[in-house]
Amino acid sequence: KAALMREAFPQVTVLSPTLSPHPAEAIGQLEHLLAGLSGRTLLVGTSLGGFSALYLSCRHGYACCAINPAWRADTSLARKVGIHTRYDSDEVYDFRPEYLDELAGMREFIRTCSQDAGLINIFLSNDDEELSFDGLETLIPESRLLRRLDHSGHRFSRFPEILVDMGGILENLPEGRSV
């Protein structure tokens with residue numbers, strides 16, 4: 001997805017960091033990256049990355065595109081507690097039970113968010129085999145764009161189709177943040 005974004009938006013700096021499995025550390029890593037940027041910023045993330053984008057949008061006022069966000073990460077990831085290997089490397093990591101409590105706190109923060117919901121853009125796959133999005137519209141009812149696509153799955157295989165939407169979002173970002 002990052003490569004597709006780099007190709008579609010060559011004028012934009014696209015960062016795609018490998019993050020800690022520990023939610024608080026991952027948010028800290030992202031906040032550190034964001035602190036070094038200037039201009040306009042659009043956070044884009046899929047699944048847990050989409051959840052993190054929503055959280056950072058609420059916490060710091062960034063615009064975001066949350067794609068199949070794991071908005072109930074504290075429950076949907078409960079079955080993932082344990083030792084895993086990253087899908088893109090041989091790195092082994094431990095996803096600990098206490099991380100679920102951190103994710104629950106983040107979800108509660110998002111739920112009570114006073115962020116300008118017009119900066120929150122949500123894209124969902126109707127056939128996500130990993131997550132359910134029941135009630136997401138009530139979490140952030142004023143989101144600027146809620147687009148549902150069929151035949152996209154959890155990995156959001158139809159990602160290229162939303163690049164046009166993302167281009168429009170980028171064009172309309174308020175000044176004062178980094179891209």
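**Figure 1. Phe-159 in the loop between β6 and α7.** Phe-159 lies in the loop that joins β6 to α7. Helices (H or I, at least four residues) and strands (E, at least two) are DSSP runs, numbered from the N terminus. The model is predicted: local features need pLDDT of at least 70, side-chain atom pairs count only at pLDDT 80 or more, and totals for chains, interfaces and linings use all residues. Residues are numbered from 1 along each chain as its sequence is written, and side-chain values use heavy atoms, with hydrogens and water left out. Phe-159 is buried, at a relative accessible area of 2%. Buried means under 20% relative accessible area, exposed over 50%, and partly exposed in between (1.4 Å probe, protein chains only). Leaving aside residues up to four places away in sequence, Phe-159 touches Lys-1, Leu-4, Met-5, Ile-67 and Met-166. Contact means heavy atoms within 4.5 Å. Met-5 and Phe-159 are 154 residues apart in sequence, yet 9.7 Å apart in space, C-alpha to C-alpha.

**Figure 2. Two residues with positive phi, Asn-68 and His-151.** Most residues other than glycine have a negative phi. Asn-68 has a positive phi, near 45 degrees. This residue sits in the loop between β2 (63–67) and α4 (73–76). Asn-68 is buried, with 0% relative accessible area. His-151 is not a glycine either, and its phi is positive at about 55 degrees. His-151 belongs to the loop between β6 (145–149) and α7 (163–171). At 66% relative accessibility, His-151 is exposed.

Figure 3. Buried residues of α3 include Phe-51, Leu-54, Tyr-55 and Cys-58. Their cover includes α2 (23–35), β1 (42–46), β2, α4, α5 (98–111) and β5 (120–125). Gly-61 follows α3, with a positive phi near 85 degrees.

**Figure 4. The packing of α3 on α5.** The two helices pack at about 50 degrees, with axes 9 Å apart. α3 is therefore oblique to α5. Axes are lines fitted to C-alpha atoms, for helices over the stretch in contact, and angles run from 0 to 180 degrees between N-to-C directions. Angles under 35 degrees count as roughly parallel, over 145 as roughly antiparallel, 65 to 115 as roughly perpendicular, and the rest as oblique. α3 passes α5 in a left-handed crossing. A crossing is left-handed if the near helix is turned anticlockwise from the far one by less than a right angle, and right-handed if clockwise. Leu-48, Phe-51, Leu-54, Tyr-55, Cys-58 and Arg-59 of α3 meet Leu-103, Met-106, Arg-107, Phe-109 and Ile-110 of α5. By class, this contact of α3 with α5 holds nine nonpolar, no polar and two charged residues. Ala, Val, Leu, Ile, Met, Phe, Trp, Tyr, Cys and Pro count as nonpolar, Asp, Glu, Lys and Arg as charged, and the others, Gly among them, as polar.

**Figure 5. The packing of α2 on α3.** These helices pack at about 55 degrees, with axes 11 Å apart. The crossing of α2 and α3 is right-handed. α2 contributes Ile-27, Leu-30, Glu-31 and Leu-34, which meet Ser-52, Tyr-55, Leu-56, Arg-59 and His-60 in α3. The contact of α2 with α3 has five nonpolar, two polar and two charged residues.
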